[in-house]
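Open the model in your viewer and keep the selection tool at hand.

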Amino acid sequence: EKNVDLINIDIKEAKEVIKHAYSSLKEGSWLVIYSPHVNQVIEVREELKNYNFTQVETVENLVREWQYTLTLRPKTKGIVHTGFLTFARKLE
């Protein structure tokens, strides 16, 4: 597809499809890439440098359960999941 407003990538080898995403995005639109590991974030950010993206930002997302007894608070123990979202805006 061409001239799209937003592309979301959630695959292991995201860096390999950035070039295709770039050609499909219209000017001013966004690319969002999910990475479960820091190493993938580094690869993605390095690949983004090869294209005319701006406003590149990576945020960590943390998911943890909360408990409600007499008060509402995060659970003291549990399996916590983290992931990273990298945002990049295409300029031409």
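Select lysine 26, which is partly exposed at a relative accessible area of 31% (buried means under 20%, exposed over 50%, partly exposed in between, with a 1.4 Å probe and protein chains only). This is a predicted model, where local features need pLDDT of at least 70 and side-chain atom pairs pLDDT 80 or more, while totals for chains, interfaces and linings use all residues. Residues are numbered from 1 along each chain, and side-chain values use heavy atoms, without hydrogens or water.

Aspartate 5 is in strand β1 and lysine 26 in strand β2, 21 residues apart (strands are DSSP E runs of at least two residues, helices H or I runs of at least four, numbered from the N terminus).

Next, select glutamate 65 and lysine 75, a salt bridge with its closest N and O atoms 3.3 Å apart. Glutamate 65 sits in the loop between β3 and β4 and lysine 75 in the loop between β5 (72-74) and β6, so the pair ties together parts 10 residues apart in sequence.

Now show α2 and pick Gln40, Val41, Val44 and Leu48, which are buried. Their cover includes α1, β2, β3 (53-63) and β6 (81-90).

Move to phenylalanine 53, whose contacts (heavy atoms within 4.5 Å) include Ile18, Tyr22, Leu48 and Arg89.

Finish at tyrosine 68 in strand β4 (residues 66-68), which counts as exposed at 66% relative accessibility.

Key: Salt bridge = Lys/Arg side-chain N within 4 Å of Asp/Glu carboxyl O. Lists of a residue's contacts leave out its neighbours within four places in sequence.
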